[in-house]
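Subject: Structure handover

Hello,

Please find the structure below. My notes on what turned up in it follow.

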Amino acid sequence: MRCFSQDGAGFQDYDFSRLTMAVELREELVTAFIKRTAPGAGLTSLNSTNVVFQMVRHFDRYLATLTWPPRKLAHVTVEHFDGFFDFRTTETLSAADDLSQLKLLLRGAGVSEGLAARLASQMPARVRNEGSKQSYSRAEFQRITAAARADLRAAALRIRDNRELLAQARQSEATDSAGGLSARTRLLDYVDRYGDVPREPRLVGVHKGDMFPARWVQKIGPVREIVSWLHLTIDEVGAGAVLLAAMTGENPNVIFKVPSAHHRADGYTGQTGTAIVDLLKPRRQRRAHMNLALSDVPDWISVPDQPEGLSTRDELHTPFGLYVLLHELTARSRALVGGGRLLIGYAQSGGHGTGHGLRALNDTPVIKRQGENWGLVADDLDEAGNPVPLPLRLELLRLTHIELYQRPVAHTEKTASTYMVRNRGNADEYRKVVAQALNDEADKARTRGRVSTLTAEDLERAQVDPGKVAAELGLKEQTLKRMIAGELDTVMAACTDNLGGSHGPQGEPCQASFMLCLGCECARALPRHLPVQVLVHDRLSERREQTDALRWARRFAAPHAQLADLLAQHDATAVDDARADATEADHALVGRFLNRELDLR
């Protein structure tokens with residue numbers, strides 16, 4: 001049976017003929033499998049259908065252990081169903097997952113009434129492995145990305161040098177002397193044209209007739225090494241997938257299928273490069289199609305602790321630079337194999353039986369193998385004080401990205417929160433990030449300064465001699481009079497020059513958020529603004545308890561600190577009185593302000 005992925009780009013064949021169960025039962029399970037994997041049945045990827053088929057194979061192994069196995073679906077009993085769970089419990093921690101898959105397969109498939117009732121009852125609880133959902137620390141995250149970048153830098157240098165050598169040879173500019181160089185250029189030309197090495201049939205032995213690398217090729221080196229002169233290996237493509245996952249936070253299936261087709265939103269202007277690619281996440285159903293913008297902006301999470309040592313030309317520290325490099329290095333491979341996938345490399349074997357050759361990256365084991373090849377170690381030591389290997393998994397890179405950036409990636413805020421709540425591995429790291437963000441925002445608030453204030457005494461003097469007070473404040477007399485009359489009020493202050501502020505072009509009306517008035521040189525706070533200032537300060541404090549800590553720090557810590565400085569200029573009694581005297585209009589104004597209803601859009 002052949003199943004196609006939802007996007008039609010891939011397929012998987014499932015061979016039920018190898019099952020040892022009775023033919024009638026096998027045919028009934030094939031029918032149930034067809035219903036389970038049909039469009040609209042809820043399975044949206046080949047990985048999902050693989051899980052169902054593997055469960056059927058496990059069920060077949062279980063039935064083979066029985067003295068009197070059932071010969072048709074109607075003969076499958078509750079004892080068989082529960083016995084399968086006991087059988088898988090001895091082999092894996094995911095026995096409850098297998099039982100759940102069997103339940104979904106058999107539901108509505110013509111089972112006995114007793115088994116139907118069992119399928120409708122509660123299933124055994126799943127055993128959760130807390131360690132499997134533990135995110136990486138920032139140090140571990142940086143070690144992973146550093147190893148991936150090292151592999152891709154070496155690959156880029158190798159492929160570019162060999163392309164240059166091949167170009168020179170084809171133009172007869174390189175020395176075509178006898179010996180290794182001549183053979184090398186011949187091989188380069190062949191690898192570029194065919195993505196393989198010259199082969200010849202074996203004439204004798206058990207492999208008679210099979211194609212093997214030509215003898216003169218074997219003298220130069222292994223096939224994998226020779227093909228990698230001009231093409232990425234599948235392991236190096238895995239390093240590219242690791243960096244894409246680290247920088248974008250997308251899940252593995254989306255990363256594997258990142259397309260080579262893209263739109264250059266920057267218009268090739270030489271400014272901030274941006275490539276927009278179309279992604280598909282079937283589990284999102286009607287929102288499955290989405291865009292991913294890859295910009296030429298450094299990824300701050302994985303930048304080294306001493307970024308001054310990082311070259312501004314390093315293409316592997318921005319999502320856009322990474323995408324463009326991968327697009328360049330896989331261009332020839334893609335031309336040979338066809339298709340629109342970005343991540344293509346040479347593999348000697350594997351790939352669900354596809355064997356050696358250029359192919360798209362589809363295997364999670366490739367990522368795991370890369371982690372082992374890199375020799376990554378975790379921060380924590382074992383009981384004996386020895387280093388512990390660090391498992392490399394794209395889903396953990398996604399979890400770490402979501403946690404460190406504190407924003408959803410291709411899912412809702414609620415789902416993102418669920419991801420982070422499940423993670424128990426990085427609470428200390430997260431607290432450090434929040435503390436650093438709070439310190440940074442407090443520093444910004446001090447750098448921006450605070451809004452100038454007019455006291456009640458200043459207003460009294462202005463009634464007597466407005467010209468003198470205006471001169472002291474650096475204002476025109478007419479501006480001072482309009483400010484006192486309330487004609488220049490914004491929300492928490494009055495604006496003395498709507499055309500001359502630092503938050504927009506000179507001579508044009510200021511369009512900045514009223515929150516920026518707290519640090520603007522054109523703003524003046526009068527006593528009548530105190531109730532609104534107190535209310536905004538209180539609301540921001542409330543949001544601190546209701547909003548994610550890192551998001552609050554980045555959005556509200558600076559204005560909260562500026563307001564705290566403003567309120568500190570008044571005694572506690574004046575602040576309490578202002579809070580009590582706030583009118584319904586003041587509360588409504590603050591509500592609209594914090595809901596961004598007053599922003600220009």
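Let me start at one helix. What covers the buried residues of H24? Helix H21, spanning 530–546, is included in that cover. Please keep in mind that this is a predicted model.

H24 itself runs over residues 584–594. Its buried residues are Asp 586, Val 590, Gly 591, Phe 593 and Leu 594. Down the helix axis they fall within an arc of 165°, so they line one face of H24. Glu 584 and Ala 585 are exposed, on the face of H24 turned away from its buried side. Just after H24 comes Arg 596, with a positive phi of about 65°.

Now the whole protein. It has 601 residues, and 44% of them count as buried. The secondary structure comes to 24 helices and 14 strands. Take the contacts between residues at least 6 apart in sequence: 63% of them join residues at least 24 apart.

Next, the aromatic rings. The count is 10 aromatic pairs. One of them is Phe 16 with Phe 33. Their centres are 5.1 Å apart, with 65° between the planes, and the pair is edge-to-face. Phe 16 sits in the loop between strand S2 (11–13) and helix H1 (23–37), while Phe 33 is in H1, so this pair ties together parts 17 residues apart in sequence. Phe 16 and Phe 33 are both buried.

Phe 33 also pairs with Phe 53. Here the centres are 6.4 Å apart and the planes stand at 75°; the cut-off for edge-to-face is over 60 degrees, so this pair is edge-to-face. Phe 53 belongs to helix H2 (residues 46–64) and Phe 33 to H1, so the pair ties together parts that are 20 residues apart in sequence. Phe 53 is buried, as is Phe 33. Which residues make up the aromatic cluster? Tyr 14, Phe 16, Phe 33 and Phe 53 form it.

Phe 33 has another residue to look at. Leu 104 is 71 residues away from Phe 33 in sequence, yet the two are 9.9 Å apart in space, C-alpha to C-alpha. Leu 104 is in helix H4 (residues 95–106). Its relative accessibility is 27%, so Leu 104 counts as partly exposed.

Two arginines sit over tryptophan rings. Arg 184 lies over the face of Trp 229, 4.1 Å from the ring centre. Arg 186 lies over the face of Trp 216, at 4.3 Å from the ring centre.

On to Ser 260. This residue is in the loop between helix H11 (252–256) and strand S5 (263–264). Is Ser 260 buried or exposed? Its relative accessible area is 11%, so Ser 260 is buried. Its side chain makes a polar contact of 3.4 Å with the side chain of Arg 334. Leaving aside residues up to four places away in sequence, Ser 260 touches Tyr 323, His 327, Arg 334, Gly 340, Arg 341 and Leu 342.

Strand S10 (residues 377–381) and strand S11 (residues 387–389) pair in the antiparallel sense over two bridges. Leu 381 stands opposite Pro 387 in S11.

S12 pairs with strand S14 (residues 523–525) in the parallel sense, over two bridges. Ser 452 stands opposite Arg 524 in S14.

Over to you.

Best wishes

Methods:
Residues numbered from 1 in each chain as written. Predicted model: local features only at pLDDT ≥ 70, side-chain atom pairs only at ≥ 80, totals over all residues. Heavy atoms only, no water. Helix = DSSP H or I, 4+ residues; strand = E, 2+ residues; numbered from the N terminus. Buried < 20%, exposed > 50% of the residue type's maximum accessible area, 1.4 Å probe, protein only. Polar contact = N/O pair within 3.5 Å; in protein donor to acceptor, adjacent residues only side chain to side chain. Contact = heavy atoms within 4.5 Å. Phe/Tyr/Trp six-rings, centres within 6.5 Å; stacked < 30°, edge-to-face > 60°. Lys NZ or Arg CZ within 6 Å of the ring centre and 35° of its normal. Arc of directions from axis to C-beta. Pairing = 2+ DSSP bridges.
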